[in-house]
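Here is a short walk through a structure. Keep the view open and follow the strands, then the cores.

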Amino acid sequence: MDLFESSAPASAGPPQPLAARMRPRTLDEFVGQAELVGPDKLLRRAIEADRITSLILYGPPGTGKTAMANIVAHTTHAYFEPLNATAAGVSDVRAALASAKQRAHMTGRRTILFIDEIHRFNKAQQDVLMPDVEQGNPILIGATTFNPFFALAPALLSRSIVCEFTPLLPADIRIVLQRALTDADHGLGQLSIRAEEPALAYLAEVCDGDARRALSALEVAALTTAKRDDGTIMLTRQAIEESIQKKAVVYDQQGDAHYDTISALIKSMRGSDPQATLYWLAKMLYAGEDPRLIVRRIVICAAEDVGLADPQALILATAAMHAVEFVGMPEGRIPLAEAAIYVACAPKSNAAYLGIERALEDVKQGRTLEVPDHLKDAHYRGAASLGRGVGYKYAHDYPEHHVKQAYVPTRRAYYEPTELGAEQAIKQRLQRLNSQQEGEWSHRTAEH
């Protein structure tokens with residue numbers, strides 16, 4: 001059996017899930033992804049003209065990747081051979097490639113090799129594909145929920161067109177659900193179902209653009225709801241909610257959802273939007289993200305983006321880090337939220353971050369500077385005879401605990417405080433001290 005047997009008679013083997021039975025068989029039945037298969041779009045033209053090149057279909061679950069492969073299987077004149085990377089090994093790939101070569105030699109017929117979950121192939125398995133894919137036989141169609149630019153070898157990507165599938169719109173999901181309710185051959189049309197409008201609207205919204213999840217919930221609700229006296233099945237919102245149960249947030253901790261959501265959290269805090277900050281924080285917590293990773297990003301944001309505009313931000317973020325370790329979850333969500341909100345609402349300055357970056361670049365690119373003799377360690381016998389520490393001025397012996405002396409051979413401006421928050425006071429103090437130093441220097445120059 002394979003994933004394209006949805007066209008087989010219903011009596012052949014165990015019944016397939018509704019989502020498998022309702023897979024579209026033609027482009028006209030396909031719903032969504034208008035940017036890829038809308039009128040005059042590249043992928044649609046290639047399928048209709050039977051001019052498919054190697055493709056990587058990339059996107060979240062239930063958005064039509066396997067359905068698109070199913071359409072290719074039904075419309076192309078090429079031989080269609082499916083593999084699933086979760087079960088296939090190098091020997092399976094080699095066998096498929098050998099069959100494709102023999103088929104082309106004997107009949108002149110091309111082969112389309114569809115590999116579902118292709119991101120699960122390791123480098124050796126991907127390398128096996130490359131020579132034959134480069135020659136154009138077989139034509140590779142890979143489906144993945146992982147960003148192919150991270151999960152697949154660059155050489156394989158360079159030989160393929162990457163097609164990104166996006167979550168379906170609620171209106172698209174409604175079309176899919178309505179078809180399933182009325183299709184007597186493949187759907188639920190034979191069950192005499194009446195679905196309340198609020199129930200379908202709720203399901204179309206809560207499934208997060210995942211048609212497979214929507215159809216699965218619809219099927220569960222239809223098969224577990226008792227018939228009324230007139231023989232009909234009434235699907236209410238309550239029945240749909242019970243079928244969905246806990247919302248499954250699309251969030252793979254090693255995939256795009258992980259990196260994109262943590263990026264959204266950081267950028268929301270940096271952008272001083274506490275409402276967006278709380279939403280992305282809640283999404284990650286709901287999806288089961290490691291709270292230690294979250295709080296590490298909050299600490300980094302407090303140091304990098306708030307900095308000395310509000311030094312309290314780093315203190316609070318660090319306290320939240322210890323609190324999460326101490327109290328655990330779910331209570332740890334409270335100090336996490338407190339720290340994230342504080343960082344989001346605090347005045348922002350990345351002057352400290354830019355300062356250390358400039359200094360590191362100088363160390364990396366420039367000549368390594370020697371420590372001036374008067375700053376060197378003088379706490380050992382014979383240090384004075386070597387000139388170590390000679391001439392050093394102890395700052396606390398001078399007014400305002402500050403004295404003019406060279407602390408680095410070459411003067412460079414690394415830290416440039418802003419006018420925001422507490423950093424404004426820092427800037428004013430440094431300006432005042434610098435002006436005093438310049439005044440003292442001018443006075444001494446005039447005396448000489």
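Begin with strand 3 (residues 111-116) and strand 4, which pair in the parallel sense over five bridges. Phe-114 stands opposite Ile-141 in strand 4. Bear in mind that the model is predicted.

Strand 4 has another partner to look at. Strand 1 (residues 55-58) runs parallel to strand 4, and four bridges join them. Within that pairing, Ile-56 has Gly-142 of strand 4 as its bridge partner.

How many of the six residues of strand 4 are buried? Six of the six residues, 139-144, are buried, so strand 4 is largely enclosed by the rest of the structure. Look at both faces. Ile-139, Ile-141 and Ala-143 point one way. Leu-140, Gly-142 and Thr-144 point the other way.

Now turn to the nonpolar cores. The largest has 31 residues. Those with the most contacts inside this core are Ile-173, Leu-177, Ile-193, Leu-203, Leu-215 and Leu-218. Several elements give two or more residues to it, among them helix 1 (18-21), helix 9 (170-182), helix 10 (197-206) and strand 7 (233-235). Helix 11 supplies the largest share, seven residues.

Pick out Leu-215. Leaving aside residues up to four places away in sequence, Leu-215 touches Leu-18, Ala-19, Met-22, Val-176, Leu-177 and Ala-180.

Definitions and conventions: Residues numbered from 1 in each chain as written. Predicted model: local features only at pLDDT ≥ 70, side-chain atom pairs only at ≥ 80, totals over all residues. Heavy atoms only, no water. Core = buried A, V, L, I, M, F, W, Y, C linked by side-chain atoms within 4.5 Å. Buried < 20%, exposed > 50% of the residue type's maximum accessible area, 1.4 Å probe, protein only. Contact = heavy atoms within 4.5 Å. Pairing = 2+ DSSP bridges.
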